[in-house]
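Trainee: Please show me the model, and let us work through it by question and answer.

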Amino acid sequence: DADAHIMLARIAEEQGRYDDAIAELARIDDPTMQYSALMRQATLRAKQGQIDVALGMIDDANAQDDEERMVGVLSKAQILRDAGRVPQAISVLEAADRAMPDVFEIKYELAMLFERQGKMSAMERLLRQAIKLEPDNPHAYNALGYTFAEMNTRLSDAQDLITQALELAPDDPFILDSMGWVKFRMKEYSAAVEYLQRAFIQKPSTEIALHLVEVLWVQGKKD
């Protein structure tokens with residue numbers, strides 16, 4: 001049963017037994033799940049430090065359709081990114097974007113890598129394209145709006161983008177956090193605290209906590 005193998009693989013991975021996890025995934029014989037199982041095996045090899053082996057596994061996999069090709073590209077880019085080989089990850093995604101120009105996920109991931117390199121105009125161009133492809137997907141609006149807020153620039157645009165994201169996903173803690181950060185940048189501290197507290201209740205992460213701490217500190221609420 002494929003679900004059983006996936007569960008056993010997850011347990012083995014959590015225990016650091018990567019070879020056992022890979023062996024469980026290799027036992028999956030459902031043809032509709034074999035490609036994704038192979039991508040997971042490649043990711044585990046990368047976690048073992050066998051980056052080139054992992055990349056070779058993806059290259060040798062036989063993607064049957066555009067969905068599998070997209071999964072393969074994203075898996076390869078993630079492995080390269082996590083290994084610190086960001087320029088290679090960008091090259092992989094750029095080639096995929098040329099071959100499959102209508103895929104939201106590829107444009108989004110490529111935009112995030114450009115953001116890491118400080119190439120903000122390229123990032124914005126790709127996120128705008130992603131928004132056109134999937135106008136009901138909140139993540140590109142949020143990513144672009146948060147980036148403007150983080151840079152403390154174009155705050156009106158940032159607020160508009162994150163407002164659109166919140167209309168699509170009103171309870172998403174990361175989008176609430178983004179709106180709180182925009183309000184902070186706009187010196188609307190009470191509103192900032194309100195959004196950030198809502199975000200932190202849902203997702204008590206370090207990043208959201210640090211944002212909330214900074215706003216409270218500026219308000220003089222040091223205790």
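Mentor: Helices (H or I, at least four residues) and strands (E, at least two) are DSSP runs, numbered from the N terminus. This is a predicted model, in which local features need pLDDT of at least 70, side-chain atom pairs count only at pLDDT 80 or more, and totals for chains, interfaces and linings use all residues. Residues are numbered from 1 along each chain as its sequence is written, and side-chain values use heavy atoms, with hydrogens and water left out.

Trainee: In which helix is the place of Pro 87?

Mentor: The run covering residues 86-99 contains Pro 87. That run is helix 6.

Trainee: Is Pro 87 buried or exposed?

Mentor: Buried means under 20% relative accessible area, exposed over 50%, and partly exposed in between (1.4 Å probe, protein chains only). Pro 87 has a relative accessible area of 52%, so Pro 87 is exposed.

Trainee: Which residue caps the N-terminal end of helix 9?

Mentor: The backbone nitrogen of His 139 lies 3.0 Å from a side-chain oxygen. The residue that supplies this oxygen is Asn 137.

Trainee: How many of the 14 residues of helix 9 are buried?

Mentor: Among the buried residues are Pro 138, Tyr 141 and Phe 148. Helix 9 is largely enclosed by the rest of the structure, because the number of its residues that are buried is eleven.

Terms used: A polar contact is a pair of N or O atoms within 3.5 Å; within protein, one must be able to donate a hydrogen and the other to accept it, and residues adjacent in sequence count only if both atoms are side-chain atoms.
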